[in-house]
Amino acid sequence: MRKLINGTSIDLGVCYYPEHWDQSLWSEDLDRMMAVGLKTVRIAEFAWSLIEPREGEYTYEFFDSFLNLAAEKGMQVIFCTPTATPPAWLTEKYPEVLNADIDGNLYRHGSRRHYNYNSPVYREKSRNIVEKSAAHYAKHPAIVGWQLDNEFNCENDRFYSESDTLAFRKFLQEKYSTLEELNQAWGTRFWNQTYTAWEEVYVPRKTNNHSVNPHEVLDYYRFISDSVNSYAKLQADIIRKYKKPEDFITTNGMFANIDYQRMERDSLDVLMYDSYPDFGYELDSYNPEDAMKDRWWSRNLSEVRAVSSNFGIMEQQSGANGWNTRMEAPTPRPGQITLWTMQSIAHGADYVSYFRWRTCTFGTEIYWHGILDYSGRDNRRLGEIAKIYDKVGKIQEIAGSKYVAKVGIIKDYDNIWDAQLDRWHSRVDSVSQNALFVTLQQTHTPFDYVYLEKISSVEDLGQYEVLFYPHACILTVERMAILEQYVAEGGKLVMGCRTGYKDMNGRCVTDYLPGLASKVTGTDIPEYSFVAPDDGHVMAEWDGAEFEAAVFNDLLAPVGDNAEVLGTYISSYYAGCPALIRNRFGKGEAYYFGGAFAEDTVRVFLDKLGESEPYEEWIRLPESCELAVREKGGKKYLFVLNYSAEQAEITLKTDMRNLFTGEREMGQIVVEKYGVRIYVV
């Protein structure tokens with residue numbers, strides 16, 4: 001059984017960089033970590049030159065010394081492959097390993113993540129360093145897990161090197177076999193873009209009007225994901241040859257243009273995330289009107305949970321964050337490190353590792369503070385970590401429990417990537433995704449993200465009473481078959497405007513809209529339009545409730561005996577036209593709404609479908625508090641997270657056990673600012 005995220009314990013750790021500190025500090029640092037409950041350290045993700053200082057010359061003494069000391073102290077270690085920062089000797093001798101911008105300018109040595117995944121040379125050198133590291137270190141008793149690289153696609157999520165063009169051509173040849181098929185899929189007859197030789201095909205390049213064939217770009221995003229995943233698998237396959245059976249393989253962070261479901265399936269035992277809620281207070285982008293601020297990270301954690309139901313946090317905020325070039329944010333206020341730690345645990349984290357132990361005194365991240373400041377002296381944040389360790393000790397029974405949600409938001413990478421390249425798609429998607437999250441938070445309605453890439457049968461969807469699939473512009477027969485079965489067996493499916501008008505290549509279909517969704521929704525769309533600027537907010541009405549039909553409006557018509565108009569537009573020239581149709585399909589219902597989902601719109605849907613405040617019989621909370629629920633062995637664990645700088649008053653309507661104190665509580669309870677409560681029901 002693995003030592004972390006094993007269903008039996010919740011554990012704390014910290015990121016440590018022994019190469020940044022004199023060896024005389026190591027022993028004291030490890031002792032101090034252990035004293036406050038930090039019993040695992042992550043090391044080596046940027047330390048290639050300490051293992052291979054010159055090409056083909058390998059030295060192991062530095063990390064041997066640290067690992068031996070860690071074992072002596074009883075400290076566990078997560079060891080990293082150091083491929084995020086290739087050494088100077090490599091990039092100087094082999095510049096083809098470097099990534100480039102869209103103009104072909106190389107990203108030179110001096111930062112991080114400046115390599116490209118498709119350089120044969122870089123793959124060879126990566127294979128060598130991973131092989132040598134794993135062969136030498138993997139059996140060390142201090143090591144409990146391996147991290148692949150560091151934050152795949154951070155800094156750069158697009159790649160324009162010559163190696164990428166060559167690999168892109170190969171990717172396309174394997175997908176389409178012939179240029180005729182490629183030309184058909186990409187619609188290259190438009191603007192005379194037809195290809196007559198594979199050598200004419202490149203990764204997207206700058207054009208005179210900044211417009212690139214959208215079908216090419218969609219395949220390009222798929223290609224980037226494929227490149228990342230094959231590179232991660234290259235490393236994981238090597239490590240599995242050498243690692244101890246109980247040691248895990250992970251990677252950290254979630255970034256664009258990566259299919260993480262595939263990465264977990266092919267390469268990982270568990271995913272870990274880097275959680276920095278302090279970005280909600282970043283100076284350059286701070287919005288005092290944004291009620292969510294650090295609560296947006298609950299959305300990110302829900303994305304991680306969609307990959308690994310129980311996961312880890314490799315980097316948890318512990319100090320102010322910033323580089324000398326960007327990202328300025330304040331020091332966490334008293335209680336916020338605790339709040340953010342419990343935010344992670346509430347969403348499924350069974351391991352939380354803080355970034356970092358000591359704040360580095362040199363380099364780009366001199367303002368990315370850790371638990372300790374430059375001097376290393378004891379401080380308030382260290383004291384708070386010690387108290388967190390005490391709290392975690394009292395909630396060990398939660399380990400291995402699963403987050404509970406009856407509402408799901410369906411996603412798939414094809415539509416995510418299409419929304420990146422298609423302005424029409426992105427306009428509706430960004431509004432709806434933000435409104436869904438905010439409203440579900442404010443109505444204390446736990447939810448999951450449900451990725452169709454991970455859905456193999458309707459049983460995977462059966463736990464959800466309601467599924468929102470806001471703007472599935474791209475639909476497939478296979479995905480619709482599962483969704484139709486979900487509805488037929490009693491589920492409620494909610495779809496929004498711009499559904500079903502594209503195929504898998506991003507080409508618009510000639511079917512009556514909403515295309516493949518017409519059958520289950522009982523809907524026809526004779527006409528559609530963006531909301532005109534002089535229309536203001538177009539409103540709709542459903543059984544007396546008025547709400548916004550934001551951004552874009554499909555004008556609807558019911559089709560079939562089981563379809564009925566529930567709502568109509570009440571403004572613009574199409575006032576009186578159907579805006580919402582419900583279709584009874586088997587035992588369930590499908591709803592088609594002709595707009596994007598604003599916050600008031602989501603609230604109306606939740607109220608009408610009976611999903612708002614699902615735990616109101618047990619607990620009442622103000623909007624400043626998040627409610628998250630984990631479940632295990634018939635027990636529900638209710639996390640109350642107060643993100644406000646003011647105390648919050650909650651009401652317990654039934655007798656509950658406070659997991660931190662062990663006491664039974666009921667009635668009105670005051671939760672301090674940035675406070676947390678966990679109740680057992």
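View 1. Strand β15 (residues 539-542) runs antiparallel to strand β18 (residues 563-569), and the two pair over three bridges. Helices (H or I, at least four residues) and strands (E, at least two) are DSSP runs, numbered from the N terminus, and two strands pair if DSSP finds at least two bridges between them. Look for A540, whose bridge partner in β18 is Y569. Strand β18 also pairs with strand β19 (residues 578-585), again in the antiparallel sense, over five bridges. In that pairing G567 stands opposite L580 of β19.

A note on the model: it is predicted, so local features need pLDDT of at least 70 and side-chain atom pairs count only at pLDDT 80 or more, while totals for chains, interfaces and linings use all residues. Residues are numbered from 1 along each chain as its sequence is written, and side-chain values use heavy atoms, with hydrogens and water left out.

View 2. Five of the five residues of strand β27 (residues 676-680) are buried, so the strand is largely enclosed by the rest of the structure. Here buried means under 20% relative accessible area, exposed over 50% and partly exposed in between (1.4 Å probe, protein chains only). V676, I678 and V680 lie on one side of β27, with R677 and Y679 on the other, and both faces are covered. Strand β24 (residues 635-642) pairs with β27 in the antiparallel sense over five bridges, and F639 has I678 as its bridge partner. Strand β25 (residues 648-658) is also antiparallel to β27, with two bridges; here N658 is partnered by Y679.

**View 3. I678 and the nonpolar cores.** The largest nonpolar core holds 197 residues, and I678 is among those with the most contacts inside it, along with L38, F79, F152, Y354 and F605. Such a core is a set of buried Ala, Val, Leu, Ile, Met, Phe, Trp, Tyr and Cys residues joined through side-chain atoms within 4.5 Å. Helix α7 (residues 214-242) gives this core its largest share, 13 residues. A second, separate core of 16 residues includes V404, Y615, I669 and V671. Leaving aside residues up to four places away in sequence, I678 touches residues including M342, I395, I398, Y637 and L659, where contact means heavy atoms within 4.5 Å.
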